[in-house]
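Keep the chain in view as you read.

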Amino acid sequence: MTDAPSTEARGARTVRAARGSKLSAKSWQTEAPLRMLMNNLDPEVAERPEDLIVYGGTGKAARNWESFDAIVATLERLEDDETLLVQSGKPVGVFRTHAWAPRVLIANSNLVGDWANWPEFRRLESLGLTMYGQMTAGSWIYIGSQGILQGTYETFGAVARVLAERHGRTPDEVAQASLAGTLTLTGGCGGMGGAQPLAVTLNGGAVLIVDVDETRLARRVEHGYLDEYHPDLDTALARAVEAKEAGIARSVGVVGNAATIFAELLDREAPIDIVTDQTSAHDPLSYLPEGISVAEWHELAASDAEEFTRLARASMAKQVEAMVGFQSRGAEVFDYGNSIRREAELGGYAHAFDFPGFVPAYIRPLFAEGKGPFRWAALSGDPADIAATDRAILELFPEDEHLRRWITQAGEKVHFEGLPARICWLGYQERHLAGLKFNEMVASGELSAPIVIGRDHLDSGSVASPYRETEAMADGSDAIADWPLLNALLNTASGASWVSIHHGGGVGIGRSIHAGQVVVADGTELAAEKIARVLVNDPGTGVMRHVDAGYERAIEVARERGLDVPMA
């Protein structure tokens with residue numbers, strides 16, 4: 001359920017980012033977005049690079065191949081006092097700005113409120129006027145499955161702690177809790193969902209993951225994110241239950257439709273402890289309904305989008321009903337941010353919101369501290385540069401044992417896709433320390449080329465998404481979209497190398513506004529000044545947003561770390 005209708009791929013070709021220290025553009029500030037755009041479309045990274053689709057079923061890096069070529073040509077000639085504007089994957093203007101301004105400003109998929117729905121978006125897309133940018137696809141900072149892996153690892157770690165508390169464990173036992181002896185059921189093993197099996201096993205648990213497309217499961221096995229997969233449910237379930245009972249960390253895939261298999265496992269009373277899902281449910285055309293084969297998918301979705309949507313929502317309703325059934329039997333159940341509850345509700349299931357989203361259930365305390373997905377990529381293409389930055393992170397934060405476990409395991413088990421990259425969760429008044437250290441390492445020659453530093457749009461202050469990041473805010477401000485816009489404006493003013501504002505990513509058209517930023521550590525003094533502002537101010541907006549909503553931990557963090565919030 002991680003594929004989508006194909007588009008005509010005129011001009012398609014294999015794209016890979018350059019490696020090494022030789023520039024194609026006029027400076028590293030423009031070479032960086034050039035390489036990261038290309039890296040998004042690397043066959044190791046993208047789901048369907050021939051269609052410019054990076055992940056999430058329809059998330060694209062550029063509107064079409066003509067636009068891609070124009071973006072590349074423009075970045076190659078762009079000066080360090082010029083800014084390229086990109087409108088939904090199409091380069092539309094170059095303007096004289098200044099050295100502190102972003103080199104690229106991006107807006108993707110944004111529609112006026114009354115027109116913000118899938119039918120209108122698809123009409124405009126068919127006219128060649130827009131594209132779906134997802135989150136990090138259209139902002140050129142996707143780093144493959146690792147990009148979501150660490151956040152998924154954090155989420156399942158939080159689930160382990162919740163289960164330990166529920167079983168009356170001591171505070172020390174809760175802090176060290178793992179998923180050993182549990183079995184997680186989930187769906188979707190594509191670009192984003194494919195991180196789930198490794199995230200569960202890194203936390204010590206067993207997992208059974210369902211996908212309709214066998215090639216997705218095979219790819220995850222090849223890249224080390226999934227241990228094994230089977231075409232039949234009996235074998236897959238037996239292997240997963242065996243691991244649960246032995247307390248072994250094992251991930252098992254099964255080929256099938258999640259709606260069918262979730263319901264069947266509920267009927268069988270399978271010993272499932274945790275249930276979630278990461279199919280591409282945010283876009284009904286990217287979710288395969290029961291009774292339709294993978295081979296028929298593209299043609300049927302394209303020929304009758306309305307009927308395909310109806311069928312997909314009916315299947316989602318069946319899957320979510322099974323998830324609620326598991327919850328009624330005592331399982332820990334949560335929505336992992338793909339809008340499947342809302343789509344199931346539209347499909348006729350009235351109790352779709354009986355289980356929570358993962359942010360209010362597990363992640364919001366981290367957001368209140370400005371913590372979120374800090375990521376970086378080595379423009380050199382040399383894995384040794386990431387190994388050096390891993391060591392630097394451990395030296396910078398020696399008391400953070402959770403971070404140490406993650407960095408150590410990631411270095412051992414994470415397969416690089418495209419340019420070598422890393423991610424970890426850092427908070428307010430932490431991220432800039434890492435950024436400045438990386439910049440020093442570039443300047444000294446310890447790193448062989450500059451480092452690109454960005455984050456997921458799923459961050460503490462960069463998104464308004466009532467079905468995900470801002471679900472159940474304490475003050476009821478779930479749908480207030482001023483916050484991501486302020487985040488983008490502040491990052492632009494602070495010196496980010498490129499900034500983006502998107503609509504719909506992760507949860508679908510009409511359901512979110514979110515912003516991204518990237519800054520380049522090229523070893524210069526100017527880069528250090530920019531890093532010192534961007535990587536403080538960006539997570540600072542997350543603390544600010546949660547202070548405004550009344551979260552006590554955010555208020556404490558603001559006071560402790562000197563954040564000026566006038567009405568706090």
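Strand β14 and strand β17 (residues 513-521) pair in the antiparallel sense over three bridges. Strands here are DSSP runs of E with at least two residues, helices are runs of H or I with at least four, and both are numbered from the N terminus. Two strands pair if DSSP finds at least two bridges between them. Within this pairing, isoleucine 451 stands opposite alanine 521 in β17. The model is predicted, so local features need pLDDT of at least 70 and side-chain atom pairs count only at pLDDT 80 or more, while totals for chains, interfaces and linings use all residues. Residues are numbered from 1 along each chain as its sequence is written, and side-chain values use heavy atoms, with hydrogens and water left out.

β14 has another partner. Strand β12 (residues 372-378) pairs with β14 in the antiparallel sense over five bridges. There, tryptophan 376 stands opposite isoleucine 453 of β14.

How covered is β14 itself? The strand spans residues 451-455, and five of its five residues are buried. Buried means under 20% relative accessible area, exposed over 50%, and partly exposed in between, with a 1.4 Å probe and protein chains only. In a regular strand the side chains alternate between the two faces of the sheet. In β14, Ile451, Ile453 and Arg455 point one way. Val452 and Gly454 point the other way.

Now turn to helix α13, residues 358-368. Its buried residues are Phe358, Val359, Tyr362, Ile363, Arg364, Phe367 and Ala368. They pack against helices α4 (146-166), α18 (525-548) and α19 (552-561), and against strands β11 (332-333) and β13 (421-426). Contact means heavy atoms within 4.5 Å. Glycine 370 follows α13, with a positive phi near 75°.

Helix α19 holds valine 557. At 0% relative accessibility, valine 557 counts as buried. Leaving aside neighbours within four places in sequence, valine 557 is in contact with Ala368, Glu369, Tyr428, Val543 and Gly562. Glutamate 307 is 250 residues from valine 557 in sequence and 50 Å away in space, C-alpha to C-alpha.

Leucine 52 has a positive phi, near 65°. It lies in the loop between α1 (28-40) and β1 (53-55). Leucine 52 is buried, with a relative accessible area of 1%. Glutamine 429 has a positive phi too, near 70°. Its loop runs between β13 and α16 (431-444). At 27% relative accessibility, glutamine 429 counts as partly exposed.

Step back to the whole protein. It has 19 helices and 17 strands. Its C-alpha atoms fill a box of roughly 65 × 55 × 45 Å, taken along the principal axes. With 568 residues, a compact globule would have a radius of gyration near 24 Å, and the protein's 22 Å agrees. That radius is taken over C-alpha atoms, and the globule rule is 2.2 Å times the number of residues to the power 0.38. Of the 568 residues, 62% count as buried. Among contacts with a separation of 6 or more, 71% join residues 24 or more positions apart.
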